[in-house]
Amino acid sequence: MQRIETVSAQMVEQAAERLAGVVTRTPLEPNARLSSRVDARVWLKREDLQTVRSYKIRGAYNFIVQLDDETRARGVVCASAGNHAQGVAYACRRLGANGRVYVPGTTPRQKRERIATLGGAHIEVIVVGETYEDAFTAANEDAQRTGATLVPAFDDIRTVAGQGTVALEIVEQLGFVPDVLVVPVGGGGLLSGIATWLHERHPEVRVVGVEPAGAMCMAAALGAGEPVRIATVDPFVDGAAVRQAGRVPFPLVRDSGAELTSVDEGAVCTEMLSMYQSDGIIAEPAGALAAAALGTTVRVEAGQTVACVVSGGNNDVSRYSEILERSLIHEGLRHYFLVGFPQEPGALRRFLDEILGPEDDITRFEYVKRNNRETGPALIGIEIARRTDLPGLLARLAASPLQVERVEPGSPLYHFVV
C-alpha cells in the first residue's frame, strides 16, 4: 500500500511564512446574530474576503511555490468546482507559471470567469463533465500525458499545510485560543490542516467539521476506516460536494480528535439569506456551511468563544431564487400540491376563499384545462406565514371536495414538477 505522508504543526507554521504578503490576512469579526442564537461569543473568520474570495489560495500557493524551477516550467493542472482553481490561477500568475484548470459543467459561470480573470494569459479554463470527479479524471490524464504537475485541491501535504494556516491566524487575531472552532468540510483539506495544528499546539480547542448532508464523504471514510466513494452527491453545496475524502486528510482528521457533523442543504440556504440580510455577507453555499450548523447540529456552552470559518464568497447571484426556494421548504413555509379542479366557473374563487388562510400566499399556479374531462389538474405552490399554519391548511384541503395530492420534498414527483 502506498505510504501516505503526514502534516505537522511546524509545516503549517512554515506555510504561514511563505504566504505572508501573498494572501490576505482576512478579518476575524464578532457576529451579534449568531452570538445571540447560541448564547456565546461567535466570531466569523472571513475567508470570503480573501484575495480569491476563499481560503483555497492558501493551499494552492503553498503547493506551487515549493515546486522547483524545472518542474514549474512544465506547467501545472488542477481540477476544481471553482474556488481551488481560482487559487491556482492567482498563484500561477504571481509565480509566472502556466496552468490548465478543469472544472465541471456545474461550476457557476461567475466562478469560471473569475478564474480566467485571475490567471490571465497564464491559465486555460477547460469545462468537462458534470462532477468534480469528471474534472479530476481529465486533469489527472492531462498531467500524465504532458508532464505537468497536478495541484490537488485537498489531497496533498502542501495543500493541507497551507489551508491549516487559517487556524494560526484565528488564534493570533483573538490573542487567545477559542473554545470551539467550526469548519466546513469537503474533501477534508481545511479541517485536517486546522485540526492538526490545533491538536499539537492547542489540544484543548474543540474542533468541529461540518459536511453538507448530501455529500458526507468524510463521515463515510471514518465509518469505513478508509476513504470510500459515496453513492450519490447533492451538487448544491458545490464547494464541498466531494464524492471521496482525501487519503492525506483522512488519517489526520481521524487522529486529531475533531468531531464531525452535517447540516441539511436547506439550512445552508437559510443561513446564506440571514448572512446577506442581517450581516451584509455574500456567502456561497460552502461558505455558510459552518455557521448554518451553529445552534442546530453543533451545540456550544453559554459564554464560550466560538470561531466559525466563512470559507468562501464566490456565489452566483442567479442562484438566489433556488436558495430562497430551498430555504422556505426547509423552514416548512412553502408547500406544493396537485389539485383536481372541477371544470366549472368559480372553482378557483372557492379555493381561494375556503382553503387559503388569511396570510397564505399562492407562489405558483400551473393549470392544464382538459375540455373532455370533469376536472383539470393544477400544480399549486402555497407559502404560509408560520410553520404552525400547516395543520390548518392540510385540514381544510382534506375537508374540501377537491382531489388533492401533496407533493412531498425529495419525492420523484417533487423533483419533476418543482
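Tutor: Here is the sheet, then its helices, then a pair of helices elsewhere.

First, some ground rules. The model is predicted, so local features need pLDDT of at least 70 and side-chain atom pairs count only at pLDDT 80 or more, while totals for chains, interfaces and linings use all residues. Residues are numbered from 1 along each chain as its sequence is written, and side-chain values use heavy atoms, leaving out hydrogens and water.

Now the sheet. It is open, and four strands form it in the order S12-S13-S11-S14. Strands are DSSP runs of E, at least two residues long; helices are runs of H or I, at least four long; both are numbered from the N terminus. The pairing is antiparallel. Two strands pair if DSSP finds at least two bridges between them.

Look at the edges. S12 (361-367) and S14 stand there. Each has a single partner strand, so one side of each is left without a neighbour in the sheet. Next, look at S11 and S13. Nine bridges join these antiparallel strands. Arginine 334 faces glutamate 383, which is in S13.

The strands are also turned. Neighbours in this sheet make an average angle of 25 degrees, direction ignored. The axes behind such angles are lines fitted to C-alpha atoms, for helices over the stretch in contact; angles run from 0 to 180 degrees between N-to-C directions.

Two helices pack on this sheet. H16 touches S11, S12 and S13, and its direction makes about 140 degrees with that of S11. H17 touches S11, S13 and S14; here the angle with S11 is about 15 degrees. Contact means heavy atoms within 4.5 Å.

Stay with H17, residues 390-399. Which of its residues are buried? They are Leu390, Leu393 and Leu397. Buried means under 20% relative accessible area, exposed over 50%, and partly exposed in between, with a 1.4 Å probe and protein chains only. An α-helix has 3.6 residues a turn, so residues three or four places apart point the same way.

What covers those buried residues? The cover includes S11 (334-342), H16 (347-354), S13 (375-383) and S14 (403-407).

Finally, helix against helix. Two packed helices are described by the angle between their axes and the distance between the axes. Take H9 (residues 165-174) and H10 (residues 189-201). Their axes lie 7 Å apart, at an angle of about 50 degrees. H9 and H10 are therefore oblique to each other. The cut-offs are these: under 35 degrees is roughly parallel, over 145 roughly antiparallel, 65 to 115 roughly perpendicular, and the rest oblique.

Which residues make the contact? H9 gives Val166, Ala167, Leu168 and Val171. H10 gives Leu190, Ile194, Trp197 and Leu198. Eight of the residues in this contact are nonpolar, none polar and none charged. Ala, Val, Leu, Ile, Met, Phe, Trp, Tyr, Cys and Pro count as nonpolar; Asp, Glu, Lys and Arg as charged; the others, Gly among them, as polar.
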